[in-house]
Amino acid sequence: MDATISVICFKSKTLANGEHPLMLRITKDRKRTMKSLGVSVHPSNWDFDRNEPKPKCPDRKYIQQIILKVKSVYQTKLLEKAARDEDYTAETLVKE
C-alpha cells in the first residue's frame, strides 16, 4: 500500500499568537506521522476543506511555495523507495 502525503493545519495546538502550525502528515498502513513545516497560519486564513490557504491569506504565495517544496521532497523519497522495492514506514520516511 502506498503512503499518502498531505499538509494540514493542526487545530489541536494553538500558538501564543493565535495561529495554528502547519504539519506534514504521512500515512502508511493506517499509521500516521506528523512533522512541522515551521510555518503557522491563522485559522481564518485557512480553508480546512481543501487544506490550503484561502485566497485572502496575506502570506498565501509563501505558504504554497513551502507546501509544494516539502511535498515534492517526500514524493521523491516515496518514488525512490518504490523503485528500489524497499520497505519503509511513515516514521522512517520522515526520519531520513
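Me: How many aromatic pairs does the count come to?

Reply: A pair of aromatic rings is described by the distance of the centres and the angle of the planes. Rings of Phe, Tyr and Trp (its six-membered ring) pair if their centres lie within 6.5 Å; planes under 30 degrees apart count as stacked, over 60 as edge-to-face and the rest as tilted. By this rule there are 0 aromatic pairs here. This is a predicted model, in which local features need pLDDT of at least 70 and side-chain atom pairs count only at pLDDT 80 or more, while totals for chains, interfaces and linings use all residues. Residues are numbered from 1 along each chain as its sequence is written, and side-chain values use heavy atoms, with hydrogens and water left out.

Me: Over which rings do the charged ends of Lys11 and Lys28 sit?

Reply: A charge sits over a ring if NZ of Lys or CZ of Arg is within 6 Å of the ring centre and within 35 degrees of the ring normal. Lys11 places its charged end over the ring of Phe48, 4.7 Å from the centre. For Lys28 the ring is that of Tyr88, with 4.8 Å to its centre.

Me: Which elements does the protein have, and in what order do they run?

Reply: Helices (H or I, at least four residues) and strands (E, at least two) are DSSP runs, numbered from the N terminus. The protein has 2 helices and 5 strands, in the order β-β-β-β-β-α-α from the N terminus on.

Me: How do E2 and E3 run relative to each other, parallel or antiparallel?

Reply: Two strands pair if DSSP finds at least two bridges between them. E2 and E3 are antiparallel and are joined by 8 bridges; Arg25 stands opposite Met34 in E3. The two strands form a hairpin with 2 residues between them, and Asp29 in the turn has a positive phi of about 55°.

Me: Which other residues have a positive phi, and where do they lie?

Reply: Most residues other than glycine have a negative phi, and most peptide bonds are trans. Arg30, not a glycine, has a positive phi of about 65° and lies in the loop between E2 and E3. Asn51, in the loop between E4 and E5, has a phi near 50°.

Me: Is Arg30 buried or exposed?

Reply: Buried means under 20% relative accessible area, exposed over 50%, and partly exposed in between (1.4 Å probe, protein chains only). Arg30 is exposed because its relative accessible area is 81%, whereas Asn51 is partly exposed at 30%.

Me: Which residues of H1 are buried, and what covers them?

Reply: Among the buried residues of H1 are Ile63, Ile66, Val70 and Tyr74. Their cover includes E1, E2, E3 and helix H2 (90–95).

Definitions and conventions:
Contact = heavy atoms within 4.5 Å.
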